[in-house]
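Subject: Structure for your pocket work

Hello,

Here is the structure I said I would pass on. Please look it over before reading the notes below.

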Amino acid sequence: MNASMSIPVPQYVEIVSLDSHRDTRGSLSEIFRDEWPTGIRPVQWNLVHSEAGVLRGVHVHQRHFDYLTVVAGRMTVGLCDLRRTSPTYRSATAIELTANPAQALLIAPGVAHGFHCAEPVIHLYGVTHYWDPEDELGCRWSDPELGIPWSIQNPVLSARDAGLPSLARLVEQLA
């Protein structure tokens, strides 16, 4: 596992460079090995197809880690650290993940995240705890207090994400 941390991200969020093995047939990339020092053990994997213009989030989980990779396309991942005891509390950034080069992103519990897909995207993600609606918190993607430097105006949102509360309300829920 090769970690690349050239982009400032919240503490315990890691961008993982994945090795691709290429030949005349194409390529193979290992996306996760239990022996890698990620410190996580995914129990559920999900495959997500998103159309161009879609934004998923912004969500935060108090219990589980997310480990994701883009299989096809590219997406912007917005991150904001909402862990009060973290040295990177309230730091925010946006990073681009693509299928090539192969990379994975490890997102710690308490780090708010959203995914914007400027083009059709397929991504795969594993979580360390099974899906639980009580651990599915979120806030409006466009809340200025988040500080995520999105470069979008009117993304396609789910009804749930369009109705999410302000960041201030989310922070109250996290207390």
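The notes that follow concern the pockets.

This is a predicted model, in which local features need pLDDT of at least 70 and side-chain atom pairs count only at pLDDT 80 or more, while totals for chains, interfaces and linings use all residues. Residues are numbered from 1 along each chain as its sequence is written, and side-chain values use heavy atoms, with hydrogens and water left out.

A pocket here is an open set of points on a 1 Å grid over the protein atoms alone, where a 1.4 Å probe fits, with protein on both sides within 12 Å along at least five of seven lines; lining residues have an atom within 4 Å of a point. Volume is the space filled by probe spheres set on the points, which are joined across faces, edges and corners.

The largest pocket holds about 460 Å³ of space. Its lining has 27 residues, and Arg56, His59, Phe115, Tyr125 and Glu136 are the ones nearest the centre. Strand E6 (54–60) and helix H1 (159–162) are among the elements that each supply at least two lining residues; E6 has the largest share, five residues. (Strands, E, at least two residues, and helices, H or I, at least four, are DSSP runs numbered from the N terminus.)

The second largest pocket holds about 170 Å³. Of its 13 lining residues, Ser29, Ile31, Val70, Ala99 and Ala102 lie nearest the centre. E7 contributes the most to this lining, three residues.

Regards
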